[in-house]
Amino acid sequence: MCLRQLLQSSQLQRAWRAAFLKHVQGRHPGAWRWTHSGGGPYRAVIFDMGGVLLPSPGRVAAEWEVQNHIPSGTIVKALISGGENGPWMKFMRAEITTEDFLQEFGRLCSEISKTSVPVDSFFSLLTSERVAKQFPVMTEAITQIRAKGLQTAVLSNNFYLPNGKSFLPLDRKQFDVVVESCLEGVCKPDPRMYKLCLERLGRQPSESIFLDDLGPNLKAAASLGIHTIKVDDPETAVKELETLLGFPLRMAVPNTRPVRKTMEIPKDALEKYLKDLLGIQPTGPLELLQFDHGQSNPTYYVKLANHQLVLRKKPPGTLLPSAHAVEREFRIMKALGNAGVPVPKVLDLCEDSSVVGTPFYLMEYCPGRIYKDPSLPGLEPSQRRAIYTAMNRVLCKIHSVDLKAAGLEDYGKHGDYLARQVQTWIKQYRASETSTIPAMERLIEWLPLHLPRQQRTTVVHGDFRLDNLLFHPETAEVLAVLDWELSTLGDPLADVAYNCLAHYLPSGFPIQPGLSDCDLTELGIPTAEDYFRMYCLHMGIPPIENWNFYMAFSFFRIAAILQGVYKRSLTGQASSATAKQTGKLTEFMSNLAWDFAIKEGFQIFKEMPATKPLMRSHHTWSLLRTPGTRSYVTSTDSSPAHASKGALIFSPEGLPHRVRELYQKLKEFMERHVYPAEPELQRHQVSAERWTPSPLVEDLKEKAKAEGLWNLFLPLETDPEKKYGAGLTNMEYAHLCEVMGTSLYAPEIFNCSAPDTGNMELLVRYGTEEQKARWLIPLLEGKARSCFAMTEPQVASSDATNIESSIREEDGFYVINGHKWWITGGHGEVLFEQVCVPKENIILGPGRGFEIAQGRLGPGRIHHCMRLIGCSERALALMKARVKSRVAFGKPLVEQGTVLADIALSRVEIEQARLLVLKAAHVMDVVGNKAAALDIAMIKMVAPSMASRVIDRAIQAFGAAGLSSNYPLAQFFAGARALRFADGPDEVHRAAVAKMELKHHS
Ligand SMILES: Cc1cc2nc3c(=O)[nH]c(=O)nc-3n(C[C@H](O)[C@H](O)[C@H](O)COP(=O)(O)OP(=O)(O)OC[C@H]3O[C@@H](n4cnc5c(N)ncnc54)[C@H](O)[C@@H]3O)c2cc1C
């Protein structure tokens, strides 16, 4: 497909259909496994309808499910459900009305997908004019079959429409016999159907060929002695049919038609021009056809004597200066042809508008084969691999062209290609924006900030995809690369990424069929990652680390284009249903683009070398002290050489490079996104919507993912392979967690909030694979929240042995009864009444709760303390700013001695507490959670009351304003105050510290 065409077409479907029709697609009497059978004894060809003459319901369903966010495969499962007695088959036999069918079918789909399924909309799509169109290749084949005197028939499991007519969007004149199940009351694979058809045709089974896409239908036909062809792809099936019949079924020049009235060109002038150009004196007339595609630049098939040519011209009328640049197409193809890139051979560029009305160029007509479906139906795995390898190699060839030698140095601007492209497509998108699409907004912000630093400049094709390649009919050789309309100079990796788009689209996708639901290993097709690797290998360049960026950009570009098409469809003649479908595609593409932005973010920490705290003993020493900065390191060894290994790092400056980068990024994110969002988040908290997730938080979560600022909490010890998290040590995380603590809203935005963190860690450690898939993954993705329900109103819950809730086994379930309150995730009060939990949901096993609780109360135990340091720092910073500007009794507050004393006290207390937090984290890292019990208890005792005091002083300095919602201080205070018992009462921690002190130091 040519992107510019898509941009300029008024209806999406017209554009994507045009994508499949190529001016140089020719017919060569040969293909993979082509054999000339020399004909056969066949007198009739019988066609199934859906899946053979028209798209199958399954294929239509795949597209519809994507657009309507219905779990993929729902419709197909419902279609086959119940077999003979399922609603679909009953409908086919006209035993139930359309209304009853839709009701029963809808119920079934909802049961299967566990969501409400609007089957009416699927049914409308299936029977719409847009979808229910006969494949042109089949129309051609039927014409040829009948021209040879053979009979044709349709044998279809079909249904009645609500208007009382059967659904048959075919020209009946093409067929001698039409047999429909709803008229006969019998369905395939019942042999009666086939016999009925043969009888009406007056043919023997052995004289007939039957084409169907479903195995059981074919099997039944074969058992009667009918020759069968399985249809996976109409093109391949027609080829097989050609082999059996022994005569061609496709037109001499496929995808052409008589020249449209508005597109006529003066034949005489052209003939004269060609005679001069080719130096010939033909006897016969000039033959002129128009290719179906080419709305942007009309394209013609020209035959004069034995010369077959393709003429491509600008459209008539006034044009934008840079559009329809056929001169550029001619130039690039000529230069690349000379440089050894396979392109159609160009013959001449005629800029004289007097010949055919506009400038045009001529190239040789090039017969070959175009693969429209990237899953390459009908080929062997090794052949598919060969096709993909050839595509990869030819792309490398394009990108290896020496610009100077090819005279293409001025074919486009050098450098900053992606920056320019991103801005161009943002501008295009804004110009056609109809409503806010969250993923587009995020991408518009994200893409310019994540442009690759290193970009090469080569020729780029701009629309490089499988169906723009013309292959040799019998081998995997690329004969020509087509559609150079969008070519320029730019970053070659954009072409590679664009080439992989199909990998992420479902097979039934409307713009182009994709591969995302195909088993690539079975097909023999390389994955997108393999394809990138193959490219690097062929180019001799190191692996591409940021290819997710390029994928995000490619999908963003497509989304921006689709939005343009959508806008035009709203004002054009497209039906509202079509316009709506197109609108959904924009959103779908932008979400895919955003998924890649997130993957790019995740890659940041996946590639981060882990700091392994291996040492088992520790002591403290000061490494460096720069006035005004926190720069200390302690090491488990007294030599600075070991400072990075197992060291207690007191200041962010001492963190390993990648962690420091994360730290910096986190701070920037807080400044850019979190602090400015606080007022709105606070409003949401007091609004009627406070019990539903804030859309702003959800949006910020997406942004955090794309920056790699996600799940940073999961410690290396729990997740040594960094399968789920960033693989930071507790001590490294402490520095980052402190930054998150500066805003009450931040932890959730980075998926680092309690109690999810503890619960996720618990699932990583103890969950089965099934439990992980069901609960851990949605939690890690930020798509679910969790709770920890212990506290009960009627008992003192700081003592867990008081808990009164009950759990008992009953009929394969655990039945829970209990009353809980203060359950975080809304601090809700929850009544459990006869709650049945399937037995397989229990983690680790009955009676092992204490073991788990010990595990759960690992690092998560001190996250609150880490955050309280940040919270205190922010309170102190606010206080310092306030007292400098506020004047009382003739001088700024800061000049009051008591204020100075308060500031000093706060600084000292924060520093003390921080050291203790870092030490606890460090000890957990180097000697384990259990051995760190004393340090954990000490900091839990210290941090909440320290924070309460620091915040309290800040409130005091603010006066009444400190209690208002204009500043976060009152909320900070409430939070810190609650943690003096919510994370275990101070008294309990004090008791624990004292007990350990007495035990170890008596
Ligand atoms: C903001 C917030 C969030 C919360 N989130 C959750 C949650 O997600 N899940 C959950 O299960 N609970 C949660 N809680 C509840 C919290 O865990 C409990 O309040 C806490 O465990 C104390 O239990 P209690 O309220 O029953 O107090 P009690 O057990 O009645 O204790 C009251 C007080 O008695 C004193 N005391 C208790 N034991 C001793 C002792 N050994 N020595 C001396 N004095 C003692 C302490 O001063 C203590 O504060 C939350 C509470 C708050 C405020």
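Guide: L376 is buried, with a relative accessibility of 1%; buried means under 20% relative accessible area, exposed over 50% and partly exposed in between, with a 1.4 Å probe and protein chains only. Please bear in mind that this is a predicted model, where local features need pLDDT of at least 70 and side-chain atom pairs count only at pLDDT 80 or more, while totals for chains, interfaces and linings use all residues. Residues are numbered from 1 along each chain as its sequence is written, and side-chain values use heavy atoms, with hydrogens and water left out.

You will find L376 in the loop between β11 (360-364) and α15 (381-399). Helices (H or I, at least four residues) and strands (E, at least two) are DSSP runs, numbered from the N terminus. A94 sits in the loop between α5 (87-92) and α6 (98-113), but A94 counts as partly exposed, at 33% relative accessibility.

Another loop residue to look at is L286, placed between α13 (267-278) and β7 (287-291). L286 counts as buried because its relative accessibility is 5%. Leaving aside neighbours within four places in sequence, L286 is in contact (heavy atoms within 4.5 Å) with K267, L270, E271, L274, V302, K303 and L304.

Loops also hold two prolines worth a glance. K188 and P189 are joined by a cis peptide bond, with omega about 10°, and P189 lies between α9 (181-184) and α10 (191-201). A cis peptide bond also joins A754 and P755, with omega about 0°; P755 belongs to the loop between α26 (746-749) and α27 (756-766).

K705 is a lysine that is buried, at 7% relative accessible area. A polar atom of the K705 side chain lies 2.9 Å from the backbone oxygen of E781, a polar contact, that is, a pair of N or O atoms within 3.5 Å; within protein, one must be able to donate a hydrogen and the other to accept it, and residues adjacent in sequence count only if both atoms are side-chain atoms.

Now to the ligand. Its shell holds 18 residues, and the closest are F788, T791, S798, W822 and T824; a residue is near if one of its heavy atoms lies within 4 Å. Ligand oxygen atoms come to 2.8 Å from a polar backbone atom of M790, 2.9 Å from one of S797 and 3.2 Å from one of A982. The protein covers 66% of the 970 Å² of accessible area that the ligand has on its own, by the Shrake-Rupley method with a 1.4 Å probe, where for residues only the protein chains shown count as cover. β19 (813-823), α33 (969-982) and α34 (986-1000) each supply at least two shell residues, and α33 gives the largest share, three residues.

Stepping back, the chain has 34 helices and 22 strands, and buried residues make up 54% of its 1002 residues.
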